[in-house]
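Welcome, and please open your viewer. We will walk through one protein together, selecting a few places in turn and looking at what is there.

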Amino acid sequence: MRIITPMDIVMDEARDWLLPLLAFTSPSYPIGAFAFSHGLEWAIEAGEVRSRTDLEAYVGATLEHGGGWCDLVFLASSWRAARAGDLEALNEIADLCAAWRGSAEMALESSHQGAAFVRATLAAWPSAALAALAQRRDGAIAHPVALGAAAKEAPLDAALIAYAQAFAANLVSAGVRLVPLGQTDGLRALAALAPTILRAAKAAETTALDELSTSALRIDMASMRHETQYTRLFRS
């Protein structure tokens with residue numbers, strides 16, 4: 001007779017959401033995240049980000065005060081709406097999220113990844129909530145809203161942490177290529193950002209949309225200036 005252990009119970013509960021969530025936030029998920037730097041390319045070109053410490057500060061500010069922070073709050077709101085089966089609320093959140101962008105390139109960054117996420121996810125992990133929203137919006141959904149709808153079976157804290165980690169890892173990867181930094185320094189930067197990632201995810205879990213605000217003007221300006229940067233590797 002097989003003995004059921006606590007770990008067996010945990011794995012049974014997790015199997016339906018853990019693997020999809022890991023896939024959704026993997027750097028190999030085909031959403032084109034590698035093509036975007038969230039203004040970081042201009043900040044490096046301008047000499048404002050020159051070291052691992054500078055990179056950590058830039059990514060941390062984005063997660064706690066800028067676009068990354070907004071994404072986490074929108075993800076939490078869309079997760080709740082999808083969980084409740086409220087398509088009207090989900091659509092309104094998608095409208096607000098699409099408008100809540102500091103520059104044209106940041107809007108492109110989110111909409112491009114969101115549309116790619118919708119196509120990939122509906123092909124491999126069909127979701128009624130995401131499918132209904134995509135049909136209503138012709139596939140035009142900001143990335144955090146799309147992920148929040150698709151990951152509604154996962155615990156909210158896990159979805160937020162996974163998204164924040166993926167967001168930070170993508171910008172660190174861009175910094176490794178642009179500064180440039182070594183791979184080890186990139187890993188050190190990501191490890192140093194762990195407390196910020198957890199703190200931002202925790203705060204987003206309890207922040208309502210009508211309490212949302214940002215204070216990362218310098219990052220928004222970096223994104224705007226990137227639009228006319230002469231030599232560019234990234235789309236934002």
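**Stop 1: a residue and its neighbours.** Select Phe117. Leaving out residues up to four places away in sequence, Phe117 touches Phe24, Tyr29, Ile31, Leu130, His143, Ala146, Leu147 and Ala150; contact here means heavy atoms within 4.5 Å.

Before moving on, some ground rules. This is a predicted model, in which local features need pLDDT of at least 70 and side-chain atom pairs count only at pLDDT 80 or more, while totals for chains, interfaces and linings use all residues. Residues are numbered from 1 along each chain as its sequence is written, and side-chain values use heavy atoms, with hydrogens and water left out.

**Stop 2: helix H7.** Now select residues 104–124, which form helix H7. Helices are DSSP runs of H or I with at least four residues, numbered from the N terminus. How far apart are the end C-alpha atoms of H7? They are 30 Å apart, which agrees with the 30 Å that its 21 residues should span at 1.5 Å a residue; the expected span is 1.5 Å times one less than the number of residues.

Colour the buried residues of H7, including Glu105, Met106, Gln113, Phe117 and Thr121. Buried means under 20% relative accessible area, exposed over 50%, and partly exposed in between (1.4 Å probe, protein chains only). The cover over the buried residues of H7 includes H2, H8 (128–137), H9 and H13 (217–226).

**Stop 3: the nonpolar core.** Select Leu21, Val49, Phe117, Leu130, Ile141, Val145 and Leu160. Of the 76 residues in the largest nonpolar core, these touch the most other members. Such a core is a set of buried Ala, Val, Leu, Ile, Met, Phe, Trp, Tyr and Cys residues joined through side-chain atoms within 4.5 Å. H10 gives the largest share of this core, 14 residues.

**Stop 4: the largest pocket.** Select Ala33, Gln113, Ala166, Phe167 and Asn170, which lie nearest the centre of the largest pocket among its 30 lining residues. A pocket is an open set of points on a 1 Å grid over the protein atoms alone, where a 1.4 Å probe fits, with protein on both sides within 12 Å along at least five of seven lines; lining residues have an atom within 4 Å of a point. The volume of the largest pocket is about 580 Å³, counted as the space filled by probe spheres set on points joined across faces, edges and corners. Which helix gives the largest share of the lining of the largest pocket? H10 does, with 10 residues.

**Stop 5: the second largest pocket.** This pocket has a volume of about 150 Å³. Select Pro20, Phe24, Ala150, Ala151 and Glu153, the closest to its centre of the 14 residues that line it. H2 (18–24) and H9 each supply at least two lining residues, and H2 gives the most, with 3.

Stop 6: Is Thr196 buried or exposed? Thr196, in helix H12 (residues 194–205), is buried, with a relative accessible area of 11%. Beyond its neighbours within four places in sequence, Thr196 is in contact with Gly60, Leu63 and Glu64.

Next, select Thr214 in the loop between H12 and H13. Thr214 counts as partly exposed at 40% relative accessibility. Not counting residues up to four places away in sequence, Thr214 touches His65, Gly66, Cys70 and Trp100.

Finally, select Thr228, in the segment after H13. Thr228 is exposed, with a relative accessible area of 69%.
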